[in-house]
Amino acid sequence: MNLRELEPQRARRELGAPILALEGISLAFGGVKALAEVSFDVREHEIRAIIGPNGAGKSSLLNVINGVYRPQQGRITFRGEARAHMEPHHVAAMGIARTFQSLALFKGMTVLENILAGRNLMMRSNLFLQALRIGPALAEEIRHRRRVEEVIDFLEIQHVRKTVVGRLPYGLQKRVDLGRALAAEPKVLLLDEPMAGMNIEEKQDMSRFILDVNDEFGTTIVLIEHDMGVVMDLSDRVVVLDYGRKIADGTPAEVRSSQAVVDAYLGVKH
Amino acid sequence: MSAPARNLTLAFFALLAFGAVSPMLFQGVRFPQWLEIVIGGLMSGVLYSLVALGLVLIFKASGVFNFAQGAMVLFAALALVRLMAHVPFAVALALVLVLMVALAWLVERLVLRPLVNQEGIVLFMATLGIAYFLNGLGQFVWGADVYTLDVGMPKEPKIILDRVFEGGILVSTEDVIAAIIAGLLVAALALFFQRTSTGRALRAVADDHQAAQSIGIPLNRIWVIVWSVAGLVALVAGVVWGSKLGVQFSLQLIALKALPVVILGGFTSIPGAIVGGLLIGLGEKLSEVYLGPLLGGGIENWFAYVLALVFLLFRPEGLFGEKIIDRV
Amino acid sequence: MIYRETGQFRTSYASDQQLFPILQDRVLVIGFLAFAFVVVPFVASDYLFRAILTPFLILSLAALGLNILVGYCGQLSLGTGGFMAVGAYAAYNLAVRIPSLNLIVVFVLAGLCATLVGALFGIPSLRIKGFYLAVTTLAAQFFLDWLFSRVGWFTNDSSSGSVAAPPLELFGHPIQGPAEKYLLVLSIVSVFALLAKNLTRGAVGRSWMATRDMDVAAEVIGIRPLYAKLTAFAVSSFYVGVAGAMWGFVYLGGWEPLAFDVNRSFELLFMVIIGGLGSILGSFLGAAFIVILPIALNRLPSALGVPLSTATVSELELMVFGGLIVFFLIAEPRGLARLWAIGKEKLRLWPFPH
């Protein structure tokens, strides 16, 4: 499944300067070390994959970027601003959006409401205007609704837009998760195992969405994924983690041939 | 716990301790009188702990916050005192015990089983419904008057330590016996949870109903056991309190105070229920006696709750509760 | 056949997002409101106004406020009675100390007082969650109970602890009869219900529901928990405060602290649960249920020819109450509003079963 070969005429975006950089990130929960001095950068417009065996700390890394976890050591630089730890609200305002491994959708709301929630940050009208729902408040709702409908069209979920998310099948829920992240029009999109639990067709669809987002909007993508075929096809560069440490960093071809990576995945004979 | 949080908690306790001894510093209260109040407060704290214990048990084992615990205390006490009008104490006690087990069985069958895997708030509301139902049933079957419960507890207070302090210290023998009973019950329950396989099964169930079921733990039987034990605890609390205060409706409101006790101690901790009860009983008594006259009395209506509230601001999971880590 | 959407096209987002997009719904609601405003004042008996309609409307408003907090934002609160008391006593003090104030202004200011108190007691919700929060809201309830019964200033130093509201008048027109009181309450509650519906449909409503469903994910997409929770407490307390003011002024006429005790808090919580968490309609349905139930239970024994003492009836009431709550939670945990929605869906397909 090599989408690049299928569409060779698709112009690749020029990769820019590093937009996100992690230096020496160490994270521990009590005595358990989740991350140990992980450093890497992500260039603008690129698709960066993070791979590694289960429990390697990949989701924790995303959580550190988002500000859900605070690392004990290290620095995170985003768009030129360096910090010891991130605040979730600040990160969202600066333009990082993400999807979640366990979906984390708002189960009580409809698809439309979930994706609209992704745009809450951009809504400015105050409580009173919202209560009366006139003038600027109403205009704002309609304006954002228009943009959200574009995301819904892009992800082909028009037919379920008024369905409560809790009732949707897993594949559609995954798309809503992506839609909520896209609705924020982020500069950087963090995807935590977007292909988990999908069959081949669904993976092709999702890969197409990811490539389209990167091509059309220039969004930088950081992607955690287990399917090696997807990783090798989609990404520009790859970081490999094992037991919280970075063991390889480079293009897919470099990483594939790295002995350390082979050892980590297949195990070393003692 | 992080250093700043630990410092805040220590500061909180230091402040409490200071408040506790301040009557002696500022109001000229002498040590023996103060000690009397302290002992009295600790004693009533033990009684709170007794009710809180039932709450913790049920929460530990079924993840349900049993709002009906107070109603169960009243129900058990009411049943006991009315049966004692016809049969001797020991027989009545045995009958009520059977009654509480039957109640546990009914609750499991009619309420818990249909609601398994519902969210916590739904189960909490269901226990609220059970509380209302028990109140109505108890009054319907046994009447709504105030009844005196006489189980042979000595009523005269004793004077102790009269050689150390001039005049000695007044201590209620009834309270001391209650404290001993509570202590024994707590020790037995702690052992039960830690050492027996049933205890382990109960802890598994508290963590995850579905997972426990999938490894073959008989959920239904476990719940009947737990609610029966909670019923037993309610009965003991009912006897002790009913004997002290008389069996009446307000018993239930006092039992409501077990909630801040459990909050303070942490929902899942038996030692937490004890320590929380002692702290609340002590604090309440001291503030009512020394702070009350300044503010017009009636402080004990809200002191326990406000104390729990303030404490939670420092430690949202209570003294010994498990820290909640949010994962995405 | 009747309830069909076919043929009704919405060609703009504005029309798709309107309150009642389906024509039949619009007709029903407007018809119902017309009936409530124009017909009922002339046909209903005084008893109906006094015992059922007016208390139902006021309690619906309080339930609406509580539903915003518990149903939409997921913050469990057992202190609603206390906030009603704040509204009532604030209104009393305003009306007695500044007699020239317009009645509506009194109600709104009373609501704002409740908002301040509610926001204050809502601050702990940033650190404390779930049942822990529920128990701390009891702190608010019992403390406020104590405050209003001990501190004489609130009751204008009344010796008995009870207060009487001044006679009602609006723009010079006295409001005395039960029908007039009903119309006053109906107007206020209708407006408030509309405002609440708008809020829950808007950005702030989404921030509430996001916080309720998955607060960590909500924070990650930029919804500040501080903003969501405090606005929920603030709006909720405003509604509850105004309801409390109306309860004291319009329904009771005079009251003592017990009118707003912890039992009132539980009663409102039951309304919200039975009616449906996270539903505006549910608040009304739940309030109707709780208001009508005791009356029905009172009438039933004599209707069946079984004579029972009042004490027995109230005991049975408790039992039926408790039993019904458990029954509802088992049968339909999402309440009467969900039953209503299911009914509508079936009506859409009627006469086909599915």
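**Entry 1: helix α7 of chain C**

I started with the buried residues of α7(C), and I found C:Lys181, C:Tyr182, C:Leu184, C:Val185, C:Ile188, C:Val189, C:Phe192, C:Ala196, C:Asn198, C:Leu199 and C:Thr200. I call a residue buried if 20 or more other C-beta atoms lie within 10 Å of its own, exposed if 12 or fewer, and partly exposed in between, with C-beta atoms placed from the backbone. Helices (H or I, at least four residues) and strands (E, at least two) are DSSP runs, numbered from the N terminus.

A note on the source: this is a predicted model, where local features need pLDDT of at least 70, side-chain atom pairs count only at pLDDT 80 or more, and totals for chains, interfaces and linings use all residues. Residues are numbered from 1 along each chain as its sequence is written, while chains are lettered from A and ligands numbered from 1 in the order in which they are written.

What covers the buried residues of α7(C)? I found that the cover includes α5 (127-132) of chain A, along with α2 (23-43), α3 (46-72), α8, α10 (225-252) and α12 (280-304) of chain C.

**Entry 2: chain C and its neighbours**

Next I looked at contacts, counting two residues as in contact if their C-beta atoms, placed from the backbone, lie within 7 Å. Between chains C and B, 34 residues of chain C meet 39 residues of chain B. On the chain C side, α13(C) gives the most, with 13 residues. I sorted that side by class and got 25 nonpolar, 5 polar and 4 charged residues. Here Ala, Val, Leu, Ile, Met, Phe, Trp, Tyr, Cys and Pro count as nonpolar, Asp, Glu, Lys and Arg as charged, and the others, Gly among them, as polar.

Then I turned to chain A, where the contact takes 26 residues from chain C and 33 residues from chain A. The largest share of the chain C side, 8 residues, comes from α8(C).

**Entry 3: two positive phi values in chain A**

Most residues other than glycine have a negative phi. I noted A:Leu103, with phi near 70°, in the loop between β6 (96-98) and α4 (111-117) of chain A. A:Glu185 has a positive phi of about 50° and sits in the loop between α7 (170-183) and β7 (188-192) of chain A.
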